[in-house]
Amino acid sequence: MATKVFIDGKEGTTGLKIYERFADRKDLEILLIDEEKRKDPAERAKMINASDFTFLCLPDAASIEAVGLCTNPKTRIID
């Protein structure tokens with residue numbers, strides 16, 4: 001079973017670099033959010049809580065908000 005990874009802020013420089021580094025890995029499943037929903041808190045919460053690891057590539061205030069969306073105790077957040 002592949003490890004599920006969500007990159008919140010994948011559109012920015014750091015997020016793109018992480019995505020590119022993981023893109024060809026067969027042991028990872030990268031969870032992708034629809035472009036029009038990337039700022040929707042409910043959709044972000046769904047992706048964060050479905051992941052094993054969430055990488056936050058966001059400004060400080062948005063990262064704090066993202067951590068507050070996490071209700072899955074098994075999701076690990078990397079900021």
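**View 1. The exposed side of helix α3 in a predicted model.** On one side of α3, Asp 60, Ala 61, Ile 64 and Gly 68 are exposed (over 50% relative accessible area; buried is under 20% and partly exposed lies in between, with a 1.4 Å probe and protein chains only). Helices (H or I, at least four residues) and strands (E, at least two) are DSSP runs, numbered from the N terminus. The model is predicted: local features need pLDDT of at least 70, side-chain atom pairs count only at pLDDT 80 or more, and totals for chains, interfaces and linings use all residues. Residues are numbered from 1 along each chain as its sequence is written, and side-chain values use heavy atoms, with hydrogens and water left out.

**View 2. The buried side of α3.** Helix α3 spans residues 60-69, and its buried residues are Ser 63, Ala 66 and Leu 69. These lie on the same side of α3 because they cover an arc of only 115° around the axis; the arc is that of the directions from the helix axis to the C-beta atoms. The cover over the buried residues of α3 includes β1, α2 (41-50) and β3.

View 3. In helix α1 (residues 13-22), Gly 15, Ile 18 and Phe 22 are buried. Their arc around the axis is only 65°, so they sit on the same side of α1. Thr 13, Lys 17, Glu 20 and Arg 21 are exposed on the face turned away from that buried side.

**View 4. Lys 10 in its loop.** Lys 10 belongs to the loop between β1 and α1. Its relative accessibility is 22%, and therefore Lys 10 counts as partly exposed. Residues up to four places away in sequence aside, Lys 10 touches Gly 15, Leu 16, Tyr 19 and Leu 32 (contact means heavy atoms within 4.5 Å). Ile 33 is 23 residues from Lys 10 in sequence, and the C-alpha to C-alpha distance is 9.4 Å.

**View 5. The nonpolar cores.** A nonpolar core is a set of buried Ala, Val, Leu, Ile, Met, Phe, Trp, Tyr and Cys residues joined through side-chain atoms within 4.5 Å. The largest one has nine residues: Phe 6, Leu 31, Ile 33, Ala 45, Met 47, Ile 48, Leu 56, Ala 66 and Leu 69. Two or more residues of this core come from each of α2 and α3, and α2 gives the largest share, three residues. A second, separate core has eight residues, among them Phe 22, Leu 28, Ile 30 and Phe 55.
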